[in-house]
Amino acid sequence: MTVISKVSTLVTTQWLRKQIGSSNTATRALRILDTSFVRDKQVDTYTMAYLEGHIPQALFFDLHKCVESTPSIPRNLPDPSCFTSYVRKLGIWPDTHVVAYDRFGPASAYRTWWLFRLYGHTNISVLDGGYRKWVADGYDTTKEEPEVEPSMFIPQLDRFLVRTFDDMAENLRTCREQVVDARGATDRAVVDTESGGGKIPGSRHVSFEELFNEDGTMKTEEQLKSMFDDAGLNLQRPLVATCNTGMTACGVAAAAHILGRDIPVYYGSWTEWRQRAREEHTYSGCTEQQDVLKNGLGL
């Protein structure tokens, strides 16, 4: 985890409206991505969502594209070569400011934010409140799909931003990184162990759902900081975010980014962990060690 100088993690609907102006012509400087997503790959969200109306200048970004799902990692990382070709077709250059939004909830926009940063494009923000806030604010939508010229996007994988199963297993031994679970502590996916629920040993909880206000915008920095503090997490020490399948963990990573910290995501998350963890992975002293460190003892 590092202290970061950054492009704003979030942009407001007012800011985006000003950037768009009165034109539906997309420019190299700004690329708006409609990331509307559902889990079922058979659902055509391009047709049933994007083409039914979207923010002017927005192109559709398909999170399922280039991804080969497995039983243990249903939200796998996209193939780098395929992802590169896809991003080039979207006309995204190194200096292009990408703004991601969703209409069904914020998770896919934050996953997109994390993916682009993972592949080296840090010039990306999430539209605070998404499509719902845009419409609620009375701004225009369109069915027109803009045309863009292909770019020369070159991916540069930032290994710091991702963790694997082996990394997490090693972390049980070293307790180097605090584990923050984006699922609430009382979520069924955590407490219902008879149905495959559970959590990685030593995890603390910062619920993705509780990061947001009723209008879908992110809570204030002070509120976010309190959530990490209340979970017993020290933002001055390394953290890694996890969840169920690697989606909502990206939102917690974004919250930490707003607070000035870059943290990685365990992309396999609980779905992979519960299938691969062995008996020796079921206990950790990390929770106790975090308590000591949080209280300023043994430092």
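What does threonine 27 count as, buried, partly exposed or exposed, and at what relative accessibility?

Mentor: Threonine 27 counts as partly exposed, at 40% relative accessibility. Here buried means under 20% relative accessible area, exposed means over 50%, and partly exposed lies in between (1.4 Å probe, protein chains only). This is a predicted model, so local features need pLDDT of at least 70 and side-chain atom pairs count only at pLDDT 80 or more, while totals for chains, interfaces and linings use all residues. Residues are numbered from 1 along each chain as its sequence is written, and side-chain values use heavy atoms, with hydrogens and water left out.

Now place the residue. Threonine 27 sits in the loop between α1 and β3. Helices (H or I, at least four residues) and strands (E, at least two) are DSSP runs, numbered from the N terminus. Threonine 27 and glycine 91 are 64 residues apart in sequence, yet 8.9 Å apart in space, C-alpha to C-alpha.

Arginine 28 pairs with aspartate 95, and their closest N and O atoms are 3.1 Å apart. That pair links distant parts of the chain: arginine 28 is in the loop between α1 (13–20) and β3 (30–34), aspartate 95 is in the loop between α3 and β5 (97–101), and 67 residues separate them. A salt bridge means a side-chain nitrogen of Lys or Arg within 4 Å of a carboxyl oxygen of Asp or Glu. Arginine 28 is partly exposed at 43% relative accessibility. Aspartate 95 is partly exposed too, with a relative accessible area of 45%.

Next, helix α3. Its residues 80–89 include four buried ones: Phe83, Thr84, Tyr86 and Val87. Seen down the axis of α3, the buried residues fall within an arc of 165°, so they line one face of the helix. The arc is that of the directions from the helix axis to the C-beta atoms. Ser81 and Lys89 are exposed, on the face of α3 turned away from its buried side.

Back to salt bridges. The whole structure has eleven. One of them joins arginine 159 to aspartate 167, with the closest N and O atoms 2.8 Å apart. Arginine 159 is partly exposed, with a relative accessible area of 42%. Aspartate 167 is also partly exposed, at 25%. Another joins arginine 173 to glutamate 170, at 2.3 Å from N to O. These two both lie in helix α6 (residues 165–174), three residues apart, about one turn of the helix. Arginine 173 counts as exposed at 63% relative accessibility, whereas glutamate 170 counts as partly exposed at 36%. Salt bridges that share partners also join Arg163, Arg176 and Glu177 into one network.

Val43, Met48 and Phe104 make a nonpolar one of about 260 Å². Patches take residues with over 30% relative accessible area and no salt bridge; like charges are joined within 9 Å, and nonpolar side chains (Val, Leu, Ile, Met, Phe, Trp, Tyr) within 5 Å. Accessible areas come from the Shrake-Rupley method with a 1.4 Å probe, and for residues only the protein chains shown count as cover. Valine 43 is in the loop between β3 and α2 (45–48). At 32% relative accessibility, valine 43 is partly exposed.

The other patch is negative: Glu144, Glu145, Glu147 and Glu149 gather there on the surface. Lys and Arg count as positive, Asp and Glu as negative, and His and the chain ends are not counted. Each charge is placed at NZ of Lys, CZ of Arg, CG of Asp or CD of Glu. Glutamate 145 is in the loop between α5 (130–136) and β7 (162–163). Its relative accessible area is 36%, which is partly exposed.

Now the interior. Ten of the ten residues of helix α9 (residues 249–258) are buried, so α9 is largely enclosed by the rest of the structure. Among them are Cys250, Val252, His257 and Ile258. Glycine 260 follows α9 and has a positive phi, near 90°.

Last, backbone angles. Most residues other than glycine have a negative phi. Glutamine 57 has a positive one, near 75°. Glutamine 57 is in the loop between α2 and β4 (58–60), and is buried at 4% relative accessibility. Serine 269 is not a glycine either, and its phi is positive at about 50°. Serine 269 lies in helix α10 (residues 269–276). Serine 269 is buried, with a relative accessible area of 0%.
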